[in-house]
Amino acid sequence: HIFHSIRCTRPQDAPILLLSTTTYYESSFILGLYFSALFNYLNISDLLRDGFGSRPFFQCLIAEANKDDAMQDTDIVGFAMYYYTYDPWIGKLLYLEDFYVMDEYRGWGIGTELLKRLSQIAIETNCSCMHFLVVVWNKPSIEYYMRRGASDLSTEEGWHLFRFDKENLVRMASGD
Ligand SMILES: CC(C)(COP(=O)(O)OP(=O)(O)OC[C@H]1O[C@@H](n2cnc3c(N)ncnc32)[C@H](O)[C@@H]1OP(=O)(O)O)[C@@H](O)C(=O)NCCC(=O)NCCS
């Protein structure tokens, strides 16, 4: 039996956050290549500055687990990274940016426990809902969220996610 607990992240967790996200994306070869390139943009000091500096841009719940009763030498086995956004129609909402449980610890209810804690945080902070993105081929995750009552805003309301990349920003910022 796996005993687990959920806590808020600490600056010491920054390396594990990077490692976990890398492992996550490495599980798909093509995406792994893409994201290893992407992850070169971020290093531990970026995460420390952005998550634990004077203006934190994200918060994170950490799931720790141990396979024995003693709860000594707990391992970090999952995390949920989130932040708050604002909508002029519905007010505050909790945005779940990244949600991950290590492969060998899946199916033990750790994800459900993280979602429970996130839901409590959303309610305590007066958020009207929780938003998150799932890529269309990630069928197990789509089913996981749907089983818990999530709505697909793209099919139900026709929303599409858009992006201005850095090149666009530089061009628009310079007024060209
Ligand atoms: C989505 C994710 C965080 C869920 O974490 P988890 O700790 O496995 O979640 P739970 O144990 O609460 O639930 C797992 C579900 O899969 C089933 N399951 C059983 N054994 C499983 C296993 N070995 N692996 C995965 N799922 C299993 C469980 O029965 C459960 O079904 P339910 O939805 O009917 O409750 C995890 O699968 C994950 O990290 N996936 C890869 C990353 C990812 O795609 N994240 C989401 C990005 S949007």
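User: Which residues of α4 are buried?

Analyst: A residue is called buried if 20 or more other C-beta atoms lie within 10 Å of its own, exposed if 12 or fewer, and partly exposed in between, with C-beta atoms placed from the backbone. In α4 the buried residues are Ile110, Gly111, Leu114 and Leu118. They lie on the same side of α4, because they span an arc of only 100° around the axis; the arc is that of the directions from the helix axis to the C-beta atoms. This is a predicted model, in which local features need pLDDT of at least 70, side-chain atom pairs count only at pLDDT 80 or more, and totals for chains, interfaces and linings use all residues. Residues are numbered from 1 along each chain as its sequence is written.

User: Why do residues three or four places apart point the same way?

Analyst: An α-helix has 3.6 residues a turn, so residues at that spacing point the same way. On the other side of α4, the exposed residues are Thr112, Lys116, Gln120, Ile123 and Glu124.

User: How many residues does α4 have, and what span does it reach?

Analyst: Helices (H or I, at least four residues) and strands (E, at least two) are DSSP runs, numbered from the N terminus. The expected span of a helix is 1.5 Å times one less than its number of residues. With 15 residues, α4 reaches 21 Å from its first C-alpha to its last, close to the 21 Å expected. Just after α4, Asn126 has a positive phi of about 60°.

User: What covers the buried residues of α4?

Analyst: The cover includes β1 (3–8), β2, β3, β4 and β5 (130–131). Two residues are in contact if their C-beta atoms, placed from the backbone, lie within 7 Å. Beyond its neighbours within four places in sequence, Leu114 contacts Ile6, Leu61, Ala63, Gly78, Ala80 and Phe99.

User: Which residues have the most contacts inside the largest nonpolar core?

Analyst: A nonpolar core is a set of buried Ala, Val, Leu, Ile, Met, Phe, Trp, Tyr and Cys residues joined through C-beta atoms within 7 Å. The largest one has 21 residues, and Cys60, Leu61, Ala63, Phe79, Ala80 and Leu114 have the most contacts inside it. Two or more residues of this core come from each of α1 (14–26), β2 (59–66), β3 (75–87), β4 and α4.

User: How many helices and strands does the protein chain have?

Analyst: The protein chain has seven helices and five strands. Of its 176 residues, 15% count as buried.
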